[in-house]
Amino acid sequence: MPRSQNKHVTWRVVLASWRVGAIWLGAFIAILVMGGFLVAWSGVYSVAASRGHWPGFRLLLEFGMRSSVRTHALGIDVPNLDDPALVERGAGHFQGGCAPCHGAPGRPSSPIVYAMLPEPPDLGATVPAWKTNELFWIVKNGLKYTGMPAWPAQQRDDEVWAVVAFLQRLPNTTASEYQALANLEPRRQEVPIRALAQGGPIGTGLAACSRCHALDGAGRPSGAFPRLDIQTAEYLFLQLQSYDQDTRHSGIMQPVAAELEEAEMRRLAEYYASQRPVQRQEPAAGNEASVARGQRLATIGLPDQGIPPCLSCHVEDPAVRDPLYPALSGQYASYTIQQLELYKSGRRRGTPAAEIMSVMAERLTAEQIKAVSIYLSGLQAAR
Amino acid sequence: MEAQQSVLSPAGADAQSIATLSWIMFCAAALIFFGVVLITIFAHKGNEAWRRRLSSNAFIFCVGIIFPTVTLVALLIYGLMLTGARVMATEADALHIEVVGEQWWWRVRYTESGAVTANEIRVPVGRQVEIKLTSADVIHSFWAPNLAGKVDMIPGVVNVIRLRATKTGTYRGQCAEYCGGPHALMAFHVIALEPAQFEEWLAEQQRPARSPTGALQIEGESRFISKGCNACHTIRGTAANGAIGPDLTHVGGRISLAAATLPNDVRSFGRWIRDNQHIKPNNRMPPFGVLTDRELAALAAYLEGLQ
Amino acid sequence: MTDYPHALPRPKAELAELEKIWKVPTGFRLLTAVNNTYIGLFYVGAALLFFILAGILALLMRLQLAVPENTLIDQGTYNQFFTMHGTVMMFLFAVPVVEAIGVLLLPQMQAARDLPFPRLSAFAFWAYFIGGLVFFGSLFFDLAPDGGWFMYPPLTSTRFSPGENADFWLVGIGFIEISAIAGAIEIIVGILRTRAPGMTLDKMPVFAWSMLVFAGMIVFAFPAVILATFLLELERAFDWPFFIAERGGDPLLWQHLFWFFGHPEVYIIFLPAAGMVSMIVPTMTGVPLRAYKLIVVALVATGFFSFGLWVHHMFATGIPELSLAFFSAASMAVAIPSGIQVFAWIATIAAGRLRLTVPSLFILGFLAIFVIGGLTGVMVAMVPFDWQVHDSYFIVAHLHYVLFGGMVFPVFAAIYYWLPAVSPGRLSERLGRWAFALMFAGFNVAFFPMHIAGLMGMPRRVYTYAEGLGWEWYNLVSTIGAFTLAAGVAVVLADVLLNFRLSLAGNAGNVWRAGTLEWLPNSAHGTRSIPPVTSREPLWDDEKLAGDVDAGRYYLPGAPTGGRETLVTSAVEAVPQYVLQVQGPSWRPFFAAVFTAAFFLLLTVKLVMPALLCGVLTLAMIIAWLWQTDPGVNHPPVDIGGGTVLPVYVTGSSSHSWWAMVILLLVAASLFIALIFSYLYIWTVSPEVWPARMPAVIWPLASAVAFILSSAAIAFAGRMLARRWALCLSIILACLALAAAWYFEFQGQWQSGLRPSASSYAALVYTVTAVEGQLVVTAVIMGLYTITRSLAGLLTPVRRATYDNTMLLWHYTVGQGLLGLLIVHGFPRLAG
């Protein structure tokens, strides 16, 4: 009893109409792929940088690039970039990492660079055209086909933000301001004779280090750069090695460390370890409750939350402290906070010591990190 | 010595009465099951008379209502008597112990003497033991099946379990409430000793750690401090007074390491300190890959020596 | 017979028109299909897909446990696997599959053309399917929940589970529960109001009874777990300390709420399966079911008792002895109704001649396994025994004997039994026998040894175990059994792929010589005409029934209103009351479901803005869908045959939408009761966090006055349906008063300095406010919707269903608000 045909789902008819469409689409795609391959194989397209792009093509590329950056930068939240320490840190890297191609205030780049296609732009002029989150995306990811490299340490968004913080200041930075920010006058005469005598020729290395960490290893008052003078030579040497081997990640330190020979690293480490630490920061003051919390964390810990006291490994007395464990007393709070955050978010991994520290940092809240870092920064640096 | 962990070989008063109940129920259940199978076969293949009987309302009424009601009431009364037996009073000479479940080990403290140990409970045979159970983090459950049923360890709540071991021996227990991560590796031992032996052991536990002997052990002791082990662990009699991890004062004398995960020997100490995250993933102790082989050997020798 | 409602021959065009109206969309428009048979089949298919996926997880876990200290699957993955296995089996397979079989079969069993809210079924299905797939997909990104399927805090709190894994469970399961509730409302109204004329409650197929109890239990049980997940998510997201002991919370509150749902859940799954068995056994023996009434009483009793057992999952938590005794007794008592059913089935077998077909085999297998599961169930109801085996592999064995034996075997029997109703032929008897043999043997080999492993001390949820504890052989045998069982399931799949072709009109017909209406000649529109019912097995009583029905001799042989219709009858006596115009295919429920799923899942991964966008789109889709309901009197009363003339539009308490709204309010009330229970429970645990000082009395008083005012305004609006402006004004007044009432309560608490993260008390007080706030927002949206309908001229004193439903919700909202005030402000004064 053929009661009704339309109650069967007529899969066949549906499939047939889809099939025809699919065949056409397939054929079209096949022709496109074949055509593209033929063009590439024939070699008629010139890859010469000397010839420039076809008119209009350049506009299209730039349009595509701008759109791509805009779309990919959506959803990137911009942190507060007003901290002068961030700008200093960014400037320090800019001189070594960016200026060679892009130039810097008062310091044009090499004519060789002008022959690149595309030519690296003068950032002072082009930066205002980008939004902050877009700048971040470009610095972090680089730009394909332009020669703009990605940030070498993809874990270190904080470093990228430092560069962005500086870039935003760049259009209004004069040549002399830039000199000061990037510390371009390594007052070589200040290199103590003692250091030279002790370490031999560490000139270039020390020049690179001291631009940020200063000759006495105490960094700058803003706390933009960690103090080296409070650490032991073993510790500093190990860190340089880890940067070089990328077991400790940094887009700023890795290029510097990669330039150094092992012997140079040792001498630089010894040089800085031999500096006499001076008290840089006032003992933590202000919010008493917060200081008390910091002190408690540093000296007693929070056993019920599995947090041991910091100072039981990072012992204040360097004679007792294990040489692999860094000193925290007197270290700038901003640096300690930043490193603990990196540990906590799993971005500082790779060395056996980092495996220990990240377990501890994961148990700390952001407030606890802040409180304890401020407390530690106020302690007397010992040697 | 193979430790047991079974409901079916009781070594405690509670476990014994539950085991008896279990066997009664298993036998009854087997009888009932085969009865039902038999009835079904008769219902399907039996002769007319049988099938008429089996299809009557009276059959459904008797077998479906009256029989289970009677059986269940009897069982319930028996069960309630046993339940009451467990919720018995604490005896005057009972031994008091506090056990705290922590991710993923057991903190043990003897109330009267203050002796502290971990992952191992020694009890005297024949004497009642009252254990106060609680948790420092998530819910755990304290279960040593040879001795008694389980009791949950709940943060904010103190539960009590009362045991009486009837035979000497080593019994294994395990956390029975899923507590995340390596829940599977959170076990412990209960060791039932003759009373005299127990007192001797308890006295030993109250003493501070014995001093290291030999260069290796002495180096180990100083490494224990300089590498930061003391931040989490206590060794009474030394500067190590951390409160986060297990008390290690007499760790060398325990029968296992890491909550009954590893045997207690020098090699296990070394493996555990350096590689614990592979042996027991996510456990709360960081792996000490920073130690050199020499340092590790020294630490292991020192800890193993803490009998 | 001379008293057929309609004479033959029927007009030629009648059947063609009926078919045209009920035509199922084809091509990609199949997504808009709402017909119960299609949605039912999609639903069954999706549920079986999840069964297979979760089964694969089980096989992987069995591989890991095959030998001690295995390293095949790491700890983190294993923990996700067992959590997902349990969760998917319970929420994405077991409940949906029985709901699906209900949606598929109930209208046919009752000779209805469709369920009363076909678009709601479609919505429920798509939300479940899309959401379920994404939820399962979380496994591939290491984001799957890993706290066990009962997600006990504090393990699942932010402190111990900081990742998003737990949120996937809490939020992901949340809307699958919503989907289940939507389905339950549909099924209750469908069973009570769309039966064939004369199918009084005592002539209803047992399966319909079991589904009625099933759906009723969902209405009362699911709100408890929805509340629990809501509380835990509030704690995780905003630090409201419901389960944190240091701030007066209690981890055991979760267990109470979870098991108040979780234990009935077991019977929610089992009862429909028992209903299926009660359908198949009579057919296969050729005689009516023995002790029909006793079985119905047993079903209802089971449903009732099951709410009194939840504490037997908590015997080891150290609760007082008196509670232990009560819950132990109740847990044993629930065995009796199951016993009644088992022996009634055996009695039916004795009364007839059992044909050993594949469905019969699966049912015999079910009987054997279920009896063992029931016996071990009685054992674990014994408190001291439970202290030993609780959370051990003995429980794993027990729960699989009850659930796999009690539910999966009947479902496979049902697949073999009912598939011919939607396919041109039966499945293969030969493959079916193989499948049964493999599944039965495999099941017992896999699960029986687990009893022993558990008694030998093996706890559940362990990803590995040490050598030397004597567990090795039992585990290895279990693994072998599990793969045998899987092979059996694979044979069934192969059988379905080989022998199943979807065909409604061309189905195989009454191949088993069954007596119930789903075996009448059927098509997308259900039966051609709707027969009056005078017994439980109409097809056995009247051999010509099938032919007469198909010739159109009975009620409603065509589509007199020109659209989809079904007959609404009275709830008890099944007297025809009106012709319900049901809705046809639409994209609206589909997209509403897509956006609902997207809303919840985006929220889980904390993409708040896109989630809100999807929420707004959901609302838009639902309003667009709602707009087409409430058709009004668009057709004069129709003669359905035999001189019975019925209206096509009814409002008030006999309308199907009124019933649905009342059931929805029961759901809301269950949730509120669970919340009040939580409040009182936390008070018994931590009275110290109850405040000494309360907000000034003026705040709750103002709030109460505003509540009452708003109810009065809504009632007044009901008299102004003819006067548009007066209606709009009074509804606006009602909205304002309602919002003010809520604001006064909130502000009173806030002004007093109370903050929700301060203590469990504060968190609960604000939760009462938050739950009320949800209702207030819904009521206001419905108020504005009612105004819009009125302004569009779609609301009149006759066409008033929109107003009626808004009014019901409104009064309930006010009632709950007042009760909330009484408790939040009265109880602390009383107790303090």
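Two residues are in contact if their C-beta atoms, placed from the backbone, lie within 7 Å. The model shown in these views is predicted.

**View 1. Crossing of helices H15 and H18 in chain A.** In H15(A), the residues A:Ser290, A:Val291, A:Arg293, A:Gly294, A:Gln295, A:Leu297 and A:Ala298 meet a set in H18(A) made up of A:Gln368, A:Ala371, A:Val372, A:Ile374, A:Tyr375 and A:Leu376. By class, this contact of H15(A) with H18(A) holds eight nonpolar residues, four polar and one charged. The axes of H15 (residues 288–299) and H18 (residues 366–377) of chain A come within 7 Å and cross at roughly 85°. Angles of 65 to 115 degrees count as roughly perpendicular, and H15(A) and H18(A) are therefore roughly perpendicular to each other.

**View 2. An open sheet of five strands in chain B.** The strand order is E3-E2-E1-E5-E8 (chain B), with mixed pairing. Strands E3 (116–118) and E8 (159–163) of chain B each have a single partner strand, so one side of each lacks a neighbour in the sheet. On average, neighbouring strands of this sheet are turned by 25° against each other, direction ignored.

**View 3. The pair E1 and E2 in chain B.** Strands E1 (residues 95–102) and E2 (residues 105–110) of chain B run antiparallel and are joined by six bridges. B:Val100 has B:Arg107 in E2(B) as its bridge partner.

**View 4. The contact between chains B and C.** Chain C contributes 62 residues and chain B 64 residues. On the side of chain C that touches chain B, helices H7 (251–285), H9 (321–333), H10 (335–351), H11 (358–381) and H12 (383–389) of chain C each supply at least two residues. H10(C) gives the most to this side, with eleven residues. The residues of this side of chain C comprise 44 nonpolar, twelve polar and six charged.

Methods: Residues numbered from 1 in each chain as written. Chains lettered and ligands numbered in written order. Predicted model: local features only at pLDDT ≥ 70, side-chain atom pairs only at ≥ 80, totals over all residues. Pairing = 2+ DSSP bridges. Helix = DSSP H or I, 4+ residues; strand = E, 2+ residues; numbered from the N terminus. Axes fitted to C-alpha atoms, helices over the stretch in contact; angles between N-to-C directions. Nonpolar A, V, L, I, M, F, W, Y, C, P; charged D, E, K, R; others polar. Parallel < 35°, antiparallel > 145°, perpendicular 65-115°, else oblique.
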